[in-house]
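Here are my notes from a pass through this one, in numbered points. Have the model open while you read.

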Amino acid sequence: MSEPRSDDACPLLREDAEGILCLAIEGDISDEIARSLCAVFRRVADSGREVLVLADARGVGTLTAAARSALAEELRGVRFSGVAVFGASFSLRVVITLASRSVQFFTGEVYPLAFFDTEAEARAWLRSQRDALRATQRQGA
């Protein structure tokens with residue numbers, strides 16, 4: 001397990017032993033939080049690694065308008081291999097889906113996003129995304 005580098009460290013995010021970026025937010029997602037997360041996602045993407053995100057949404061409040069704008073602005077060129085969200089309420093799922101579509105529209109990047117009830121289900125899906133991506137890369141090599 002490793003922590004993000006100090007120059008783009010985000011206390012809400014850690015990288016686990018499988019290289020999955022694990023995120024847990026309590027409360028609202030602000031512009032500052034969104035930009036901090038984006039810096040880590042960009043660093044991982046720029047390194048050539050898969051960007052796999054496991055988001056624990058059980059404690060999330062709202063995604064502010066400034067945060068949505070920051071995500072659309074900061075995620076240009078970041079290629080996500082998969083984003084798995086667990087524990088999100090119905091209303092939060094709607095907001096995340098709309099924000100995701102907005103980010104994808106403005107950045108031109110499409111990435112898999114899925115919602116789950118449990119962390120175990122979310123992790124299993126991320127592993128399958130990673131395995132499928134790697135299999136495709138091997139076939140192309």
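1. Let's start with the strands. β2 and strand β4 (residues 52-56) run parallel, joined by 4 bridges. Within that pairing, Leu23 has Ala55 of β4 as its bridge partner. For bookkeeping, strands (E, at least two residues) and helices (H or I, at least four) are DSSP runs numbered from the N terminus, and two strands pair if DSSP finds at least two bridges between them.

2. A caveat before going further: this is a predicted model, where local features need pLDDT of at least 70 and side-chain atom pairs count only at pLDDT 80 or more, while totals for chains, interfaces and linings use all residues. Residues are numbered from 1 along each chain as its sequence is written, and side-chain values use heavy atoms, with hydrogens and water left out.

3. Strand β1 (residues 13-15) pairs with strand β2 (residues 21-24) in the antiparallel sense, over 3 bridges, and Leu13 has Leu23 as its bridge partner in β2. β1 and β2 make a hairpin with 5 residues between them, and Gly19 in the turn has a positive phi of about 85°.

4. Now the aromatics. The whole structure has 3 aromatic pairs (rings of Phe, Tyr and Trp, the last by its six-membered ring, with centres within 6.5 Å; planes under 30 degrees apart are stacked, over 60 edge-to-face, the rest tilted). One of them is Phe41 with Phe80, which is edge-to-face at 5.3 Å centre to centre and 70° between the planes. Phe41 lies in helix α1 (residues 31-46) and Phe80 in the loop between α2 (65-74) and β6 (82-86), so this pair ties together parts that are 39 residues apart in sequence.

5. The cut-offs are under 20% relative accessible area for buried, over 50% for exposed and partly exposed in between, using a 1.4 Å probe and protein chains only. Phe116 and Trp125 form a tilted aromatic pair, 5.8 Å centre to centre with 45° between the planes. Phe116 and Trp125 are both buried.

6. Back to Phe80 and its surroundings. Ring pairs link Phe41, Phe80 and Tyr111 into a cluster. Not counting residues up to four places away in sequence, Phe80 touches Phe41, Val51, Val53, Leu75, Tyr111 and Pro112, where contact means heavy atoms within 4.5 Å.

7. Which residues have the most contacts inside the largest nonpolar core? They are Leu13, Leu37, Phe41, Val51, Leu71, Leu75 and Phe80, in a core of 32 residues. A nonpolar core here is a set of buried Ala, Val, Leu, Ile, Met, Phe, Trp, Tyr and Cys residues joined through side-chain atoms within 4.5 Å. The elements giving two or more residues to this core are β2, α1, β4, β5 (60-63), α2, β6 and α3 (90-107), and α1 gives the most, with 6 residues. There is also a second, separate core of 11 residues, which includes Leu52, Leu54, Ala114 and Trp125.

8. A search of the whole structure finds 1 cavity of 30 Å³ or more, and the largest cavity has a volume of about 460 Å³. Lining it are 24 residues, and the closest to its centre are Leu23, Ile29, Leu71, Val83 and Ile96. α3 provides the largest share of the lining, 5 residues. On method: on a 1 Å grid over the protein atoms alone, a cavity is a set of points where a 1.4 Å probe fits but cannot get out, and lining residues have an atom within 4 Å of a point. Points are joined across faces, edges and corners, and the volume is the space filled by probe spheres set on them.

9. The buried residues of α2 are Ala67, Ala70, Leu71 and Ala72, and their cover includes β3 (27-29), α1, β5 and α3. Ser69, also in helix α2, is partly exposed with a relative accessible area of 47%. Over in helix α3 sits Thr97, partly exposed at 21% relative accessibility. Leaving aside neighbours within four places in sequence, Thr97 is in contact with Leu113 and Phe115.

Technical notes. 1 Å grid on protein atoms, 1.4 Å probe; cavity = no way out; pocket = protein on both sides within 12 Å on 5 of 7 lines; lining within 4 Å.
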